[in-house]
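Biologist: Could you walk me through the pockets in this one? Keep it simple, please.

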Amino acid sequence: GTGALGLEAASRGAASVELVEKAPGAARILSENIRVTGLAARARRSSVESFLATREGRPLVGEVDLVLVDPPYDLPEEELAEALALLGPWLAPDALVVVERSTRSPEPQWPDFLVLEDERRWGETLAWFAGPAPLEGP
């Protein structure tokens with residue numbers, strides 16, 4: 001809701017940062033944080049599913065190399081799975097997708113094009129790191 005993860009990426013040199021937030025109050029805070037920091041980031045008030053499905057402001061196919069998914073902890077697993085499934089066309093071949101959830105949440109339902117590479121825990125937080133599945137050769 002504050003854009004902290006995306007703004008940190010922008011502060012470390014990310015070429016572009018798209019921050020997507022559905023909740024009006026959180027979207028206002030996100031926009032204000034972008035303004036105050038002066039970092040190169042753009043706030044989108046939209047559901048993640050709508051943003052990904054309509055490809056608003058979409059980069060070139062396969063250009064996104066880092067996706068930070070930090071949904072509300074109470075988001076149903078089916079909605080998270082839907083959002084992850086919509087990422088396919090956006091991802092670069094060496095992309096990294098990081099999903100942050102409560103330690104009480106089950107592992108995300110990864111679409112076929114993503115494979116779990118690592119997970120990390122701290123306090124009540126758990127982060128899963130996934131990347132594109134290896135392409136099958138001849």
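Biologist: Which helices and strands each supply at least two residues of the lining of the largest pocket?

Modeller: Keep in mind that this is a predicted model. The largest pocket holds about 1,400 Å³ of space. Of the 45 residues lining the largest pocket, the closest to its centre are Glu18, Leu19, Val20, Val67 and Leu68. As for elements that each give at least two lining residues, they are α1, β1 (18–21), α3 (48–54), β3 (64–69) and α4 (77–85).

Biologist: And which element gives the most to that lining?

Modeller: Let's sort the lining by class before we get to the element. The lining of the largest pocket has 28 nonpolar, 8 polar and 9 charged residues. With 6 residues, the element that gives the most to this lining is β3.

Biologist: Which strand supplies the largest share of the lining of the second largest pocket?

Modeller: That pocket has a volume of about 190 Å³. Its lining includes Gly88, Leu91, Ala92 and Pro93, and by class it has 7 nonpolar, 1 polar and no charged residues. The largest share, 3 residues, comes from strand β4.

Biologist: Back to helix α1, then. Is Leu5 buried, partly exposed or exposed?

Modeller: Leu5 sits in helix α1, which covers residues 4–11. Buried means under 20% relative accessible area and exposed means over 50%. Leu5 has 39%, so Leu5 counts as partly exposed.

Notes
Residues are numbered from 1 along each chain as its sequence is written. This is a predicted model: local features need pLDDT of at least 70, side-chain atom pairs count only at pLDDT 80 or more; totals for chains, interfaces and linings use all residues. Side-chain values use heavy atoms; hydrogens and water are left out. Helices (H or I, at least four residues) and strands (E, at least two) are DSSP runs, numbered from the N terminus. Buried means under 20% relative accessible area, exposed over 50%, partly exposed in between (1.4 Å probe, protein chains only). On a 1 Å grid over the protein atoms alone, a cavity is a set of points where a 1.4 Å probe fits but cannot get out, and a pocket is an open set with protein on both sides within 12 Å along at least five of seven lines; lining residues have an atom within 4 Å of a point. Grid points are joined across faces, edges and corners, and a volume is the space filled by probe spheres set on the points. Ala, Val, Leu, Ile, Met, Phe, Trp, Tyr, Cys and Pro count as nonpolar, Asp, Glu, Lys and Arg as charged, and the others, Gly among them, as polar.
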